[in-house]
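Dear colleague,

Please find below the structure that I am handing over to you. My findings follow directly after it.

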Amino acid sequence: MNKNFYITTPIYYPSAKPHMGHAYSSIIADFFARFKRIQGYKVFFLTGTDEHGQKIQRAAENKNMDPKAFCDEISKTFFDLSKTLNLSNDDFIRTTEERHKKSVENLWNILEKKNEIYLSKYSGWYSVSDEAFYSEEEIDTKNNIKISKISGSQVEWVEEESFFFKLSKWQEPLLKFYNENPDFILPVSRRNEVISFVKSGLKDLSVSRKSFSWGIKVPSNNDHVIYVWLDALTNYISALNYPDTNNSLYKSYWPATLHLIGKDILRFHAVYWPAFLLAANLPPPKRVYGHGWILSGEEKMSKSKDNILDPLEIIDTYGLDPLRYYLIKEVSFGNDGNISKEKLENCINSDLANNYGNLCQRVVSFIEKNLDLKVPNNYSLINEDENVLKIYNESFNKLIDSIDTQNVNFYVNFIQEQLFSANKYFNDQEPWNKKDDAVRLNTILYVSLELIRKISILLYPIIPNSSLKALKIFNINEDQIDFNSIKIHENIKKNDKLNKISIMFKKID
Ligand code: MSP
């Protein structure tokens, strides 16, 4: 079985500072990466910034800055955010790096050599904000302004010499590929959208621009820069040292297991990207998952709509793990979701402070008072104990499957149910009334410790810092976390010395 896992976020435009929508894609990707690591996979997790094109050139001009200097400054805020969000990414790629330029030029040369690219003239609509070409049918007029029906962003008329990629030729091979790989595009509703778009007929795609200069030059014709999406998508293989397809990174991790993206950029990832790769005789990625949007009111949160929420402010006020927990739990994965401070505060108080933090605190203090912080040794499990423990064994494969099918909601619901059940177990068993029955008392405490251990492992991909604090009770460090161990009823060693735990979550008044 292939135990390698390659996951990517979209690379972000450093046209303005990051907002909550960007943080969302990154946090979800980190969740999958961390889970696969503790499951025992070798993981490569990539994120970065997408720095070429007209959008960035204009943003730099507005600030009177050289585009590279501009990108250096804003890309750094994305890099810093990756640290603040505690992302476990293995690389951070910038498309202005030499390694990436080399990779894009190489892919271009192969496509040209294989006769997949030809020179002609483009006349049509272009949205700088989306960096996308739109057909006449995809255009609307609102207040005398031409906009894209799909994104709502303004389009402008472009007429210039351009290189074209023979996308039309890949219509049937793409449909065949979707058919043979039914899980290539998820969720299913998005897959249907893509298939009907491809079935409606693919036109050749303009893949170079001549009227501005901020980009990677077409190797055979320096008057043109390569279309920013062909440039950007290639980042996923540049980071694996493409064009060297014999190196161990590329060999271990391509094709990517999962490109996690927002639904707005599905067409680029599910149509153009596999077409470029098939044309270059490279394997397409295994899956593209298009998640929903973080809304602000009813609208997509975005810089151009001026309705953004700054993740740094939220983290300053509430802390990182509460934000990670909230985004993963409250935004039903695959759908759009709203973020409100009230719901966030609710999550902190009820799920994190009351259900998780309090459970850890109560059990450990009880053991401190009664057993001198030692793991009980003379215990004996009876039915009610087996019952709360066996669910982890029974659900083990379903949990893995939920991650492998991006069913985040199943995974999160399972944790919530187990938190509830662990608290109920401790309350119902009333260890404080069992002081005359040493074996029973020891058993209840042992089982409660096991439940804390299992739940903390499950929570690690969501709230790594808090989970690690709890796992410290058992002296388990980050590199010792093993998801497979949740199956084992009695994993904690008798007589081991436990550690005290400090307050994990502050309640909000
Ligand atoms: N640079 C391109 C992606 C190239 S990938 C080869 C791009 N960049 S972006 O900065 O505009 O957006 C990147 C991603 O951020 C989106 O696809 C999406 O994943 C995420 N989000 C941006 N705004 C968002 C929300 N309001 N909500 C959720 N995610 C959104 O597109």
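Tyr126 has Phe133 of strand 5 as its bridge partner in this predicted model. Strand 4 and strand 5 are paired over 3 bridges, in the antiparallel sense. Both strands belong to an open sheet of 4 strands, which has antiparallel pairing and the order 5-4-8-10. Strand 5 and strand 10 each have a single partner strand and stand at the edges, so one side of each is left without a neighbour in the sheet.

Two or more lining residues come from each of strand 4 (117-127), strand 5 (132-134), strand 10 (205-206) and helix 10 (266-279). Strand 4 provides the largest share, 3 residues. By type, the lining divides into 9 nonpolar, 6 polar and 6 charged residues.

A separate point concerns two packed helices. Helix 2 (residues 54-62) and helix 3 (residues 67-84) have axes 9 Å apart and pack at an angle of about 95°. Angles of 65 to 115 degrees count as roughly perpendicular, and helix 2 and helix 3 are therefore roughly perpendicular to each other. Helix 2 makes the contact through Ile56, Ala59 and Ala60, and helix 3 through Pro67, Phe70 and Cys71. The residues of this contact comprise 6 nonpolar, no polar and no charged.

Yours sincerely

Key. Residues numbered from 1 in each chain as written. Predicted model: local features only at pLDDT ≥ 70, side-chain atom pairs only at ≥ 80, totals over all residues. Heavy atoms only, no water. Axes fitted to C-alpha atoms, helices over the stretch in contact; angles between N-to-C directions. Parallel < 35°, antiparallel > 145°, perpendicular 65-115°, else oblique. Contact = heavy atoms within 4.5 Å. Nonpolar A, V, L, I, M, F, W, Y, C, P; charged D, E, K, R; others polar. Pairing = 2+ DSSP bridges.
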